[in-house]
Amino acid sequence: MSTAVVIGGGISGLSAAYYLQKHAGEKIGKIILLESSKRVGGWMKSTRHADGAIYESGPRSLRIVGKPGRNALNLIEDLNLENEILPLTSNNAAAKNRYLYVNGVLCALPNNLMGVLRRQDPFSRALLWQFAGELFKTRSDLEDDSIHNFFSRRVSKEFADIAVDSMCRGIFAGDCRNLSMKACFKDIFNLEKTHGSIVLGLLRYPKVPADELKPKLIQKARSEKWASYSFKSGLQQLSDTLLDAISNHKMVDIRLSSPVQKMDLKDNGRMSVITDEDEIQADYVLSSVYSKNLAAMLNSDNNYLKSHLNAISAVSCAVVNLEYEGNLLPVQAFGHLTPSSESGPILGIIYDSCLFPSHDSNEKIPTTRLTVMLGGSWSEQLKTNGSWMSEADITNMATKAVRDHLKISNEPIRSKISLLDDCIPQYQVGHANILSRMEKFIEDKHLPLYLIGSSYRGVSVNDCILNSKLAVEKIV
Ligand SMILES: Cc1cc2nc3c(=O)[nH]c(=O)nc-3n(C[C@H](O)[C@H](O)[C@H](O)COP(=O)(O)OP(=O)(O)OC[C@H]3O[C@@H](n4cnc5c(N)ncnc54)[C@H](O)[C@@H]3O)c2cc1C
């Protein structure tokens, strides 16, 4: 029987191990998950305080849309975790309302027809007219494009400078001038190719096949109009449950504090995976670690692959959770984002108490939980000589942003800072080519190596789970 080694125990590695034990039983006798740290979950980390307050230092909510969204719901149903879901329904203020902080003012993004029909700050023209013009723009034959250039061409430079710039800071903590439209928003990129227009393409967007909507939890999410969701104990409940599910399986061996140091391809087509304590002969290796970390494990026979893995950069973020006494939010919303022109390292603020109030402390006095996201492509502004500024200085920057943007001048009653190095891979223009060249190399050299994790085909938790499933399907 074959041995599969999964490198990394974040959500990608855990779901790969889960799908392997579920679907590859005939082909694989042993699954070894190697995780360098003392815990699994990777960036998924929820801290629960004694008074019940939950702080997320990584992902905080999952969306239900698209194939990745539906696949995650199927996994959750499979894990019997549906009763632990904390849905955010689309009639909730946090699902409906999003703000931008531009020119020192919070500006609501349109969320209804009236909003797109009339001019609204910070835009100089109604969004309807900006998008109506998109129908008549000429189709480009660029093989890839930056996200900023794509929207400047198709909608307007103003829309790209303000809305798209902020959105990319919110999703990728990255600069839309470098990020690849083809890799980050493939479906929208393809609408220009197939329909000559995003608007036309969206109007003719194919319906989801009925059988994909059949699973019980997907039907529940649709009928109750969920926009996104978390879990009663925070998002980490998902990685914890996956861990429980695979730990109970006799074919799975989970080894914490076991960093992979090296990998060698053997003549028999197997790979030897070397940790400080062991050398494992693997028939299949699924690597979920950041691409540059994988490059460091490979020997010089694989220099071509190494150089491509090293070409994928990642940004670092500071995440500051702040908690204040009282209900202090001036508006009810998911939160606000800032365009890079407004405030370099402050990417945005998430209004956690509005999103998931049941994650607030259960003390009698109400509190307001916020998360300030800083850094990303602008993290150099939080560093001196390549090292992070002190935690106190970064926390002060975060509280100042809360004071300036939300006019909350109280001091926080509690805070937590997490400095996350290389936490969000950046798919720059040309990323799709890097991927296809690596895939060809792996195939030509018959390497039993599968690239999963956020470095390649989507950074969202849903993408990570789906890509692990697809890799396992390839093996099976
Ligand atoms: C601040 C932040 C907020 C986010 N918010 C959201 C959100 O709200 N919704 C959403 O969908 N997505 C969000 N994301 C994205 C998403 O959380 C990540 O892309 C996803 O969790 C990545 O999971 P992964 O398993 O691929 O990688 P990781 O979580 O990085 O896991 C990799 C694992 O490999 C281990 N490892 C590293 N080197 C080695 C080695 N040599 N040997 C063995 N193990 C090793 C690491 O310790 C780690 O546990 C957010 C990300 C961040 C950073």
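Let's start with a glycine: Gly269, at 31% relative accessibility, counts as partly exposed. Gly269 sits in the loop that joins β11 (260-265) to β12 (271-275). Along the chain, Gly269 and Ala282 are 13 residues apart, and 9.2 Å separates their C-alpha atoms. Keep in mind that everything here comes from a predicted model.

**Around the ligand**

Now for the ligand. It has 33 residues surrounding it, and the closest are Ser12, Glu35, Val260, Val459 and Val461.

Three elements each supply at least two residues of the shell: α1 (11-23), β21 (414-426) and α18 (461-475). The largest share, three residues, comes from β21.

Why does the ligand lie between domain 1 and domain 3? Because both domain 1 (2-43 + 234-312 + 428-475) and domain 3 (313-426) give residues to the shell around it.

Some backbone atoms come up to the ligand's oxygen atoms too. A backbone N or O atom of Trp43 is 2.9 Å from an oxygen atom of the ligand. For Ile11, a polar backbone atom lies 3.1 Å from a ligand oxygen, and for Arg60 a polar backbone atom is likewise 3.1 Å from an oxygen atom of the ligand. How much of the ligand's accessible area does the protein cover? On its own the ligand has 1000 Å² of accessible area, and the protein covers 86% of that.

**Salt bridges**

Next, let's look at charged side chains that pair up. The structure holds 24 salt bridges. Here are three of them, with the N to O distance for each.

| Pair | N to O distance |
|---|---|
| Asp175 and Arg177 | 3.1 Å |
| Arg414 and Glu323 | 2.8 Å |
| Asp404 and Lys400 | 2.6 Å |

Take Arg414 and Glu323, whose side chains meet in a salt bridge. Arg414 lies in strand β21 and Glu323 in strand β15 (residues 313-325), so this pair ties together parts that are 91 residues apart in sequence. Is Glu323 buried or exposed? Glu323 is buried, with a relative accessible area of 1%.

The salt bridge between Asp404 and Lys400 has another setting. Both residues belong to helix α16 (residues 391-406), and because they are four residues apart there, about one helical turn separates them. Asp404 is partly exposed, with a relative accessible area of 29%, and Lys400 is partly exposed as well, at 43%.

Then there's Asp175 with Arg177. Asp175 has 18% relative accessibility, and the cut-off for buried is under 20%, so Asp175 counts as buried. Arg177, at 35%, counts as partly exposed.

Which residues are linked in a network of salt bridges? They are Glu134, Asp145, Arg153, Arg154 and Glu192.

**Side chains that reach the backbone**

Last stop: two buried residues whose side chains reach backbone oxygens. One is Ser288, which lies in the loop between β14 (284-287) and α13 (291-297). Its relative accessibility is 14%, so Ser288 counts as buried. Which backbone oxygen does the side chain of Ser288 reach at 2.7 Å? That one belongs to Ile7. The side chain of Ser288 also reaches the backbone oxygen of Gly8, at 3.4 Å.

The other is His308, and you'll find it in helix α14 (residues 303-310). With 9% relative accessibility, His308 counts as buried. Its side chain reaches the backbone oxygen of Tyr304 at 2.8 Å.

How values were computed
Residues are numbered from 1 along each chain as its sequence is written. This is a predicted model: local features need pLDDT of at least 70, side-chain atom pairs count only at pLDDT 80 or more; totals for chains, interfaces and linings use all residues. Side-chain values use heavy atoms; hydrogens and water are left out. A residue is near a molecule or strand if one of its heavy atoms lies within 4 Å of it. A polar contact is a pair of N or O atoms within 3.5 Å; within protein, one must be able to donate a hydrogen and the other to accept it, and residues adjacent in sequence count only if both atoms are side-chain atoms. Accessible areas come from the Shrake-Rupley method with a 1.4 Å probe; for residues, only the protein chains shown count as cover. Domain bounds come from an automatic or database domain assignment. A salt bridge is a side-chain nitrogen of Lys or Arg within 4 Å of a carboxyl oxygen of Asp or Glu. Buried means under 20% relative accessible area, exposed over 50%, partly exposed in between (1.4 Å probe, protein chains only).
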